[in-house]
Amino acid sequence: MGVHRYREGYRPAKGADPARRVAYEVLREVDAGAYANLALPRALRRARTDVPRFTSRDAAFASELVYGTLRTRGRLDWVLARHLTRPLDTLDPEVVDLLRLGAHQILDMRVPDHAAVAATVDLTREVSTAGPVGMVNAVLRSLTREGAEGIRADIEAIADPDRRLAVLHSHPEWMVSAFRDALSAHGAPASELEDLLAADNEAPVVALVARPGLITPAELADEAEEILDTRVAPGDVCDLAVLLESGDPAALPSVRSSRAGAQDEGSQLAALTAAAAPVAPERSGGDGPDGLWLDLCAGPGGKAALLGALAARRGAHVVANEVHPHRARLVERTVRALPEGTVEVVSSDGRSFGGPRTPWPDGSFDRILVDAPCTGMGSLRRRPESRWRRKESDLADLTALQSALLDRAVRLLRPGGVLAYVTCSPHRAETRDQVERLLAGGGVELLDTVAVADGLAAGPLGVPDGAGLVADRRGRAVPGRTLQLWGHRSGTDLMFIAVMRRTAADTLGA
Ligand SMILES: C[S@@+](CC[C@H](N)C(=O)[O-])C[C@H]1O[C@@H](n2cnc3c(N)ncnc32)[C@H](O)[C@@H]1O
């Protein structure tokens, strides 16, 4: 629990309620660098043990406070600024969190105004010095007098369209512009921008994957229904998926033993597509070998486990590489239920993976997945704080890393081998530009990713007509298509998938 900073002789007039207290503690942890999706379950577990009569309603309320406050932070800050006499970022960060918590209850939740103000003031008394109590009270009371209609009208009146959408849907302005550009880069109508941004603020469903050969989706659904006491549904996009209305997947024995896992349906489809894209023969006749696969950026191992399950059925072997040793250990855990020897976990920098004097010289692999580090703009629903942490200036380093990983992967592929490039971001620079750069370099051809994925999907992928085309250096469309999934169309994370194939050995001038 957080630090109490009572003044000498000072005692709170009334204790803060435990759910708000938990939410505040988690916001403070997130401010210090924690991830909400890890910090919140930890805090709830603590509260269930430490706080007498901490109910599941308290847990649900605390979760809504944490996720809602983090998601709507941009709009909350814009509104709060109108009621402050000094800039928000000059206030003590603890006070800022208290104000955001109160404002979120007043503006977005069905908490009566007086209760939202009183409870936030109680919480302020309990966690802070007496100093800000009066200020928090005054600012929140002033906010309750403003009214949602007036606020909405003032936001609608913001002249700059991206600024207006940034405030309304609570995204950093640079991301709004990047999403606008991404829709156009991937052949989706620009008119869908608002739907895209709104979908980012919806609570995601929890998707599980039943790893083939280890558990069936029906067995997983039965287990979830029984243990989590929740409603379950089959996947919209993948037959292997089981969707949960609520509940903590970690409570399921199949998840604890890694026979199943929590995995967005877009990620499941990416791994399935990487495994299904057709390899070509190295010289002539048949499909050529398909026995050695590489997952170049494997941590924490969700896709490696699905690839491994599919490889086990096809007699293939998967090398799962991850640069950070602690994340490589997570991969080991994720793949541990697979038949022994199916997945081999190694830890090295993917940019210089394999080569002479290693078991994997250039041209070794039949199939490579590069699920590259990226801005993560495609999973904002799931990681509510990430939109505020990520900076536009991160792009240059990330795209350089993606290019180096892709270049290395092409060299590690045999001619005719398949390269699947995946990002959890639709940003043009991380997706289409990377594919166009690779194609321009020679050595790879683009396959029809939409057709491969469509053939695997349980339902429509919501790909707009004519989407996924990429151009050569002269701006002419090349054969093949990439696939961009959109949350507002398919309900998945915004995964980008491009399957390519290595052409002749000598085109890279190796
Ligand atoms: C998008 S995540 C991969 C997710 C993973 N495929 C899954 O489905 O669980 C990217 C991973 O690449 C790792 N990474 C970053 N730089 C790398 C490098 N130079 N070589 C190999 N892996 C790297 C990151 O640590 C991170 O675990």
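Trainee: Where does R53 lie?

Mentor: R53 lies in the loop between α2 (36-50) and α3 (56-71). Helices are DSSP runs of H or I with at least four residues, strands are E runs of at least two, and both are numbered from the N terminus. This is a predicted model, in which local features need pLDDT of at least 70, side-chain atom pairs count only at pLDDT 80 or more, and totals for chains, interfaces and linings use all residues. Residues are numbered from 1 along each chain as its sequence is written.

Trainee: What phi does R53 have?

Mentor: Start with the rule: most residues other than glycine have a negative phi. R53 is not a glycine, yet its phi is positive, about 60°.

Trainee: Is R53 buried or exposed?

Mentor: Count the other C-beta atoms, placed from the backbone, within 10 Å: 20 or more is buried, 12 or fewer exposed, and in between partly exposed. R53 has 6, so it is exposed.

Trainee: Which residue takes a positive phi just after α9?

Mentor: S170 does, at about 55°. The residue sits in the loop between α9 and α10. S170 has 22 C-beta neighbours inside 10 Å and therefore counts as buried.

Trainee: Which residues are joined by a cis peptide bond?

Mentor: The general idea is that most peptide bonds are trans. Here G299 and P300 are joined by a cis bond, with omega about 0°. P300 belongs to the loop between β5 (292-295) and α15 (302-314).

Trainee: How many residues surround the ligand, and which are the closest?

Mentor: Take the residues whose C-beta atom, placed from the backbone, lies within 6 Å of the molecule. That gives 18, and the closest are C297, G299, K303, G350 and D371.

Trainee: With which residues is R164 in contact, leaving aside its neighbours within four places in sequence?

Mentor: A contact needs C-beta atoms, placed from the backbone, within 7 Å. R164, in α9 (residues 161-168), touches I155 and I158 on that test. R164 has 16 C-beta neighbours inside 10 Å, so it counts as partly exposed.

Trainee: In what order do the four strands of the open sheet lie?

Mentor: Two strands pair if DSSP finds at least two bridges between them. The order is β2-β3-β1-β4, with antiparallel pairing. β2 (232-234) and β4 (260-262) are the edge strands, each pairing on one side only. From one strand to the next the twist averages 30°, with angles running from 0 to 180 degrees between the N-to-C directions of lines fitted to C-alpha atoms.

Trainee: What stands opposite V209 in β3?

Mentor: A241 does. Four bridges join β1 to β3 (residues 241-244). V209 also has a bridge partner in β4, namely G261. β1 (residues 206-210) and β4 share three bridges. As for β2 and β3, they form a hairpin with six residues between them, and P234 stands opposite V242.

Trainee: How many of the residues of strand β12 are buried?

Mentor: Six of the seven in β12 (residues 496-502), so the strand is largely enclosed by the rest of the structure. β9 (residues 413-423) pairs with β12 over six antiparallel bridges. L419 stands opposite M500 there.

Trainee: Zoom out. How many helices and strands are there?

Mentor: The protein has 21 helices and 12 strands. Its radius of gyration, 25 Å, is close to the 24 Å of the globule rule for 510 residues, so the protein is as compact as a globular protein of that length. The radius is taken over C-alpha atoms, and the rule is 2.2 Å times the number of residues to the power 0.38. The C-alpha trace spans about 85 × 50 × 40 Å along its principal axes. Buried residues make up 47% of the 510.

Note on methods. Two residues are in contact if their C-beta atoms, placed from the backbone, lie within 7 Å.
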